Amino acid sequence: MGEYSRFIDWDKMDSSIQDQDSKELTSTEFQELKQLARQGYWAKNHSLRAKVYHKLISNIPCRTVTPDANVYRDIVVKIVGKRSSSTLPLPEFVDDSLVPTYCLNAEGVGAVRKIISCIASQFPDISFCPALPSVVALLLHYSRDEAECFEKVCRILACNDPSKRFIDQTFLAFESSCMTFGDLVNKYCQAAHKLMVAVSEDVLEVYSDWQRWLFGELPMTYIGRVFDVFLVEGYKVLYRVALALLKFFHKGRAGQTMESHNVQQDIRAFVRDIAKSVSPEKLLEKAFAIRLFSRKEIHLLQMANEKALQQKGITVKQKRQNVHLAVHAENFKSEIVDVKKMRDIWSWIPERFALCQPLLVYTTSEHGCSLSRFFSHCEGHEPTLLLIKTTAQEVCGAYLSTDWDERKRGGGKLSFFGTGECFVFRLVPEVERYEWVVIKHPELAMTGLEQGAGTPQAADPSPSSAGAPPDPSGRLSPFLSARHFNLPSKAASMFMAGDRECIIIGGGDGQALYLDADLNHGRTAHCNTFNNQPLCSESFQIAVMEVWGFIDTLSS
């Protein structure tokens with residue numbers, strides 16, 4: 001164990017780690033490594049963990065010219081000079097992030113700054129990387145010298161395998177990962193998300209802390225276990241663990257009053273002191289019990305968020321506008337919902353639209369009650385929010401991911417389209433949201449399959465996305481497109497449909513919403529697509545209906 005002890009203050013290390021007999025790891029099979037990493041096979045043996053890290057990182061495919069230990073030995077004196085390593089300024093791209101010391105001794109703490117300074121000189125394309133100090137500090141525990149640690153980190157940064165992703169290195173990648181995390185919280189931690197929306201002025205600001213929870217606040221024993229799995233399985237592990245942390249935080253705070261200006265600090269403090277309430281084993285157990293989307297779907301969501309940021313011109317760090325105030329009290333007027341209820345709905349929509357403001361594109365009060373007028377006003381808007389108030393004063397609606405113009409691809413035949421981001425909801429008499437059934441029950445579909453033209457579907461009406469020709473523009477496939485999933489029946493992807501006779505939202509053994517051609521009467525029932533209860537009285541008369549679009553205030 002001695003060869004990996006140079007930078008460690010053993011008094012700070014978990015005492016159970018120090019005196020283990022050496023074990024060997026001979027496995028190279030991914031599934032076996034995955035199981036061993038999750039079980040913590042090398043977590044209690046310092047020397048073995050160091051050797052495993054070396055082996056895993058050496059196998060990362062990298063750019064042809066990747067700085068190695070010899071480069072570090074050549075440049076460190078020139079870059080550091082006679083300055084004390086403890087006073088070395090950190091590069092701007094670490095963004096004033098915490099430089100955790102974990103269990104490092106004084107030499108180790110200084111070495112972290114030296115290594116980061118040398119990395120900055122070799123990677124001029126890194127513009128934003130707040131996780132770097134933590135990664136360097138952690139790997140220094142398992143390195144013989146500074147040069148070896150430098151080489152390990154460089155290999156992680158220089159990975160050129162498009163299917164692997166380790167550390168965000170630009171603000172665009174970082175910010176889109178924060179938005180993606182927010183989307184995942186919205187889907188998988190709805191109770192925690194509801195609390196965050198209630199107590200924070202800017203919920204995305206809270207979620208933008210997610211990497212700091214892992215790479216900064218999490219104690220050494222915990223981040224070590226996370227990093228074991230991360231090196232084997234990749235970036236998705238980070239999302240899982242951060243979601244688990246938020247779930248445990250919410251559970252611990254249930255019933256307690258929280259002040260809005262404290263929520264960020266409260267979560268950070270909870271993560272720092274996590275050993276008081278949750279063991280590393282329990283944290284990982286909770287993380288891997290979350291049945292996340294496939295890597296492919298998460299990648300598509302990340303790309304959609306990046307594209308939205310680029311379109312808004314947000315590619316470098318800047319002061320974020322207050323997302324919570326996207327719905328402005330002074331200029332928001334609706335006959336169906338007040339500002340508070342609209343803000344509640346806004347908290348459910350995907351993060352890439354959260355910076356937008358609502359734009360009323362159609363209302364029966366002003367534009368009349370006909371489907372032709374509905375379509376003429378709504379076409380060209382994507383996504384849209386449909387709100388209905390019944391004559392019994394009930395309020396319900398739907399978030400619709402896709403432009404109504406897509407209905408024309410059915411060739412005049414009523415056919416379903418849209419994506420799994422669609423959801424339906426009721427607001428009055430009580431609030432309830434119903435998402436795509438596959439999100440809560442992934443066992444209903446095999447995900448991550450490249451299915452080309454899609455699964456055969458039954459006729460009339462059928463999801464048009466399955467048989468649609470490929471998009472000639474070569475744009476990204478939509479996030480949660482039905483064709484990415486091996487669905488057992490068409491009923492699982494009946495998101496939205498419309499023709500001259502009716503609008504249907506949600507299908508299979510009933511329809512979540514059915515509206516007639518005069519937009520006067522409607523029906524609601526349980527449907528398989530959203531596994532919803534009726535959204536209001538099962539047969540209802542429409543008092544007023546509104547459709548809201550999303551206006552991009554940043555780029556306009």
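Q: In strand 7, which residues point one way and which the other way?
A: In this predicted model, C502 and I504 of strand 7 (residues 502-505) point one way. I503 and I505 point the other way. Both sets are buried. Buried means under 20% relative accessible area, so each of these four residues falls below that cut-off.

Q: What makes strand 6 and strand 7 a pair?
A: Count the bridges. Three bridges join strand 6 (residues 496-498) to strand 7. A pair needs at least two bridges, so these strands qualify. They run antiparallel.

Q: What makes strand 1 and strand 10 a pair, and in which sense do they run?
A: Strand 1 and strand 10 (residues 539-551) share six bridges. The requirement is at least two, so they pair. The sense is antiparallel. In this pairing, Y362 stands opposite V547 in strand 10.

Q: Why is strand 1 called mostly covered?
A: Strand 1 spans residues 357-363. Five of its seven residues are buried. Each of those five must have under 20% relative accessible area, which means the label follows from the count.

Q: Why is F417 called buried?
A: Its relative accessible area is 4%. The cut-off is under 20%, so F417 is buried. F417 lies in the loop between strand 3 (395-400) and strand 4 (423-428). Its C-alpha atom is 7.0 Å from that of M494, although the two residues are 77 apart along the chain.

Q: Why is Q393 called partly exposed?
A: Q393 has 47% relative accessibility. Buried needs under 20% and exposed needs over 50%, so 47% falls in between. Q393 lies in the loop between strand 2 and strand 3. It is not a glycine, yet its phi is positive, at about 70 degrees.

Q: What kind of peptide bond leads from E382 to P383, and what kind joins V428 and P429?
A: The bond from E382 to P383 is cis, with omega near -5 degrees. P383 is in the loop between helix 19 (371-378) and strand 2 (384-390). The bond joining V428 and P429 is cis, with omega of about 15 degrees. P429 lies in the loop between strand 4 and strand 5 (432-435).

Q: Which residues touch the most other members of the largest nonpolar core?
A: They are I119, M196, W210, F227, F374 and L386, out of 164 residues in this core. Helix 13 gives the most to this core, with 11 residues. In soluble globular proteins, nonpolar side chains tend to be buried together.

Q: How do you know that M196 is in contact with L246?
A: Contact means heavy atoms within 4.5 Å, so the two residues have heavy atoms within that limit. Beyond its neighbours within four places in sequence, M196 has other contacts, among them V203, Y207, F249 and I267.

Q: What lines the second largest cavity?
A: The lining is H54, I57, S58, E148, E151, K152 and R155. Helix 3 (46-58) and helix 7 each give two or more of these residues. The largest share, four residues, comes from helix 7. By class, the lining has one nonpolar, two polar and four charged residues. The space inside is about 60 Å³. The search cut-off is 30 Å³ or more, and four cavities are found in the whole structure.

Q: Which residues lie nearest the centre of the second largest pocket?
A: D161, P162, K164, R165 and F166 do, among 33 lining residues. Helix 16 gives the most to this lining, with six residues. By class, the lining has 16 nonpolar, seven polar and 10 charged residues. The pocket holds about 910 Å³ of space.

Methods:
Residues are numbered from 1 along each chain as its sequence is written. This is a predicted model: local features need pLDDT of at least 70, side-chain atom pairs count only at pLDDT 80 or more; totals for chains, interfaces and linings use all residues. Side-chain values use heavy atoms; hydrogens and water are left out. Buried means under 20% relative accessible area, exposed over 50%, partly exposed in between (1.4 Å probe, protein chains only). On a 1 Å grid over the protein atoms alone, a cavity is a set of points where a 1.4 Å probe fits but cannot get out, and a pocket is an open set with protein on both sides within 12 Å along at least five of seven lines; lining residues have an atom within 4 Å of a point. Grid points are joined across faces, edges and corners, and a volume is the space filled by probe spheres set on the points. Ala, Val, Leu, Ile, Met, Phe, Trp, Tyr, Cys and Pro count as nonpolar, Asp, Glu, Lys and Arg as charged, and the others, Gly among them, as polar. A nonpolar core is a set of buried Ala, Val, Leu, Ile, Met, Phe, Trp, Tyr and Cys residues joined through side-chain atoms within 4.5 Å.
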